[in-house]
Amino acid sequence: MRILLLCSAFNGLTQRSWLALRREGHEVSVELAVSEQAMVEAAELAKPDLVICPFLKERVPAALWQGHRTVIIHPGPPGDRGPSSLDWAIVDAESEWGVTALQAVEEMDAGPIWGYRMFAMPAEPPRKSALYNGPVADAAVELVVEVAGKAADASFVPVPLDYRSPEVRGRLRRAMRHADREFSWSEPGEEIVRRVRAADGSPGGRTVLCDLPVRVFDVYRGPELPGGVPGEVVARREGAVLVRTGDGSVWVGHVRLEREGAVKLPAAMALGELVASAPERSGYSEITYDRSDGVGVVSFDFYNGAMSTEQCRRLAAALRYAAAQDTRVLVVRGGEVFSNGIHLNVIEAARHPELEAWMNINAINAVCREIVGCTGQLVVTSVGGNAGAGGVMMGLGADRVIVREGVVLNPHYRTMGLFGSEFWTYVLPRRVGAEQALRLTQEALPIGAAEAVELGLADRMLAGSRLDFERRVLEYAERLAVDPGYDRLLAGRRAAREADERRKPLDAFRAEELAEMSRDMFDDQNGFRAARRAFVHKVKAEATPEHLAVHRGLSGASSVSDAEASHM
């Protein structure tokens with residue numbers, strides 16, 4: 001079928017929908033919903049058999065849904081209506097939630113139902129972005145494929161919304177207001193965590209910290225603390241601050257000051273001198289190391305996958321430590337988002353952004369070098385979450401790259417106005433060949449886990465939840481550590497690295513990449529400054545970007561993409 005994806009942003013869910021429909025053999029084009037006129041014109045141009053809206057905040061124009069079958073993917077169970085569905089699901093501690101495909105009509109979220117999926121909510125309050133990019137996205141992609149199949153069946157008729165039906169469990173809920181996001185530090189920590197996570201990644205929980213109005217993100221329960229005043233910052237750790245609550249404490253990872261132009265930053269950085277005297281305290285860590293049965297595991301979980309200069313330095317140190325141990329296999333394990341490369345928010349907020357960008361790219365290169373240069377152990381990269389730009393390249397220096405089913409990779413830099421580094425000119429062609437490496441970086445298309453394995457970008461794909469995936473990767477690494485051919489495999493890794501180094505040293509790849517990056521960062525030869533600011537400040541696109549629009553209406557063989565846009 002010819003399908004038009006209409007979306008507010010080409011985010012992770014939209015990319016997964018695009019990939020899934022293409023794999024089913026459909027012709028897929030994409031249009032950003034920048035205006036009613038643009039939406040209508042896109043449909044006139046694409047002449048779709050079906051319009052699907054996997055992520056749409058705007059109202060579908062009547063001229064569009066009256067002329068074309070248009071299906072909305074709504075992040076709530078049948079009958080749920082309103083723009084704050086996931087927020088309320090988390091705040092109200094729903095035990096079960098769902099995703100519904102419904103036909104666009106005049107009244108929002110009230111159209112006939114094409115299908116739905118239900119799933120159990122986590123026992124612990126999830127971050128809204130984690131819920132959206134996890135079970136919601138999984139269910140939504142299944143529905144998108146199902147809807148396309150039903151649209152091809154001339155006998156299919158969607159079911160009218162009927163609140164008398166036992167399957168219709170939802171209700172109309174109003175939009176969350178500012179007051180619903182507010183909290184006091186005197187409240188119990190569990191309530192604070194739930195309220196903030198219902199607003200994370202956007203717009204954040206509202207409160208006052210260090211006598212400043214702030215938006216709070218990335219929170220975790222802390223230890224019980226005797227005495228003290230709620231709201232007091234009592235400690236720091238790796239950019240986070242520990243704040244007293246009514247019954248204990250909460251770690252706050254990120255903060256945005258409520259002032260013009262402020263951006264979301266690690267809490268200690270955002271608050272600066274106001275928390276500089278707070279002592280360091282254990283209990284919060286973005287990076288951990290564990291070992292068992294001949295396998296060492298370096299785990300890192302950076303908020304939204306962004307890696308600042310300081311975070312890169314800590315990760316490089318952890319990898320150096322792990323490589324020096326007497327384990328036989330090293331697993332490099334990412335978190336909810338594997339990695340999206342350099343930290344654009346920290347760069348944008350720096351006194352000298354270009355200099356901070358330069359320091360950041362050099363720091364992440366040091367991380368990549370530890371992975372590529374580890375020849376005393378076999379290295380396995382565990383990619384359980386989405387990755388983009390340098391975050392993809394960082395994982396490619398391993399012997400084995402294992403990706404979770406449903407993961408989306410964006411192995412390119414072009415949409416951010418950068419040439420890229422992270423030794424991509426070495427690790428990417430080594431895996432997929434020079435021709436494919438050029439195509440991936442120039443076309444700037446997302447690829448799914450299955451396609452990554454087919455291209456050779458990854459070695460295998462495993463299904464399951466993130467926890468199941470991590471367990472299975474660890475079991476694989478343990479088998480590799482006792483494999484009868486281990487010594488041969490390790491000798492092969494060393495020999496290949498030595499031969500590659502003789503052919504062209506890693507320092508040469510790094511120097512060539514950084515020469516291009518210096519022109520991008522300091523001379524702004526490809527628009528990095530404007531692209532960075534638009535991304536950080538969430539500037540709404542005025543038109544569908546050229547790299548998305550250029551393939552409008554063409555076959556699914558070459559179509560749209562975007563740099564990582566799953567930050568919510």
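Select R493, which counts as buried because its relative accessibility is 9%; buried means under 20% relative accessible area, exposed over 50%, and partly exposed in between, with a 1.4 Å probe and protein chains only. The model is predicted, so local features need pLDDT of at least 70 and side-chain atom pairs count only at pLDDT 80 or more, while totals for chains, interfaces and linings use all residues. Residues are numbered from 1 along each chain as its sequence is written, and side-chain values use heavy atoms, with hydrogens and water left out.

R493 is placed in helix α17 (residues 486-503); helices (H or I, at least four residues) and strands (E, at least two) are DSSP runs numbered from the N terminus. Display the side chain of R493: one of its polar atoms lies 3.3 Å from the backbone oxygen of V372. Leaving aside neighbours within four places in sequence, the contacts of R493 include I371, V372, C374, T375, G397 and D399.

Next, select V383, V392, L396, V401 and L409, which are the closest to the centre of the largest cavity among its 13 lining residues. A cavity is a set of points on a 1 Å grid over the protein atoms alone where a 1.4 Å probe fits but cannot get out, and lining residues have an atom within 4 Å of a point. Grid points are joined across faces, edges and corners, and a volume is the space filled by probe spheres set on the points. The largest cavity holds about 70 Å³ of space, and the structure has 3 cavities of 30 Å³ or more. Colour β16 (378-383), α12 (390-395) and β18 (400-404), each of which supplies at least two residues of the lining of the largest cavity. With 3 residues, α12 gives the most to that lining.

**The nonpolar cores**

Move to V252, L315, L409, L428 and L457, the residues with the most contacts inside the largest nonpolar core, which has 90 residues. Such a core is a set of buried Ala, Val, Leu, Ile, Met, Phe, Trp, Tyr and Cys residues joined through side-chain atoms within 4.5 Å. Helix α11 (residues 353-372) contributes the largest share of this core, 8 residues. Then centre on V252; not counting residues up to four places away in sequence, V252 touches W185, V216, F217 and A267, among others. A second, separate core of 42 residues includes V30, F119, Y132 and A198.

**Salt bridges**

Finally, display the charged side chains. The structure holds 45 salt bridges, each a side-chain nitrogen of Lys or Arg within 4 Å of a carboxyl oxygen of Asp or Glu.

Select R81 and E107, whose side chains meet in a salt bridge (2.6 Å, N to O). R81 lies in the loop between β4 (70-74) and α4 (85-91) and E107 in the loop between β5 (96-103) and β6 (113-120), so the pair ties together parts that are 26 residues apart in sequence. R81 counts as buried at 12% relative accessibility, whereas E107 is partly exposed at 47%.

Proceed to E94 and R173, which form a salt bridge of 3.0 Å, N to O. This pair ties together parts that are 79 residues apart in sequence, because E94 lies in the loop between α4 and β5 and R173 in the loop between α5 (128-151) and α6 (178-181). R173 is buried at 8%, and E94 is partly exposed at 25%.

How values were computed:
Contact = heavy atoms within 4.5 Å. Polar contact = N/O pair within 3.5 Å; in protein donor to acceptor, adjacent residues only side chain to side chain. 1 Å grid on protein atoms, 1.4 Å probe; cavity = no way out; pocket = protein on both sides within 12 Å on 5 of 7 lines; lining within 4 Å.
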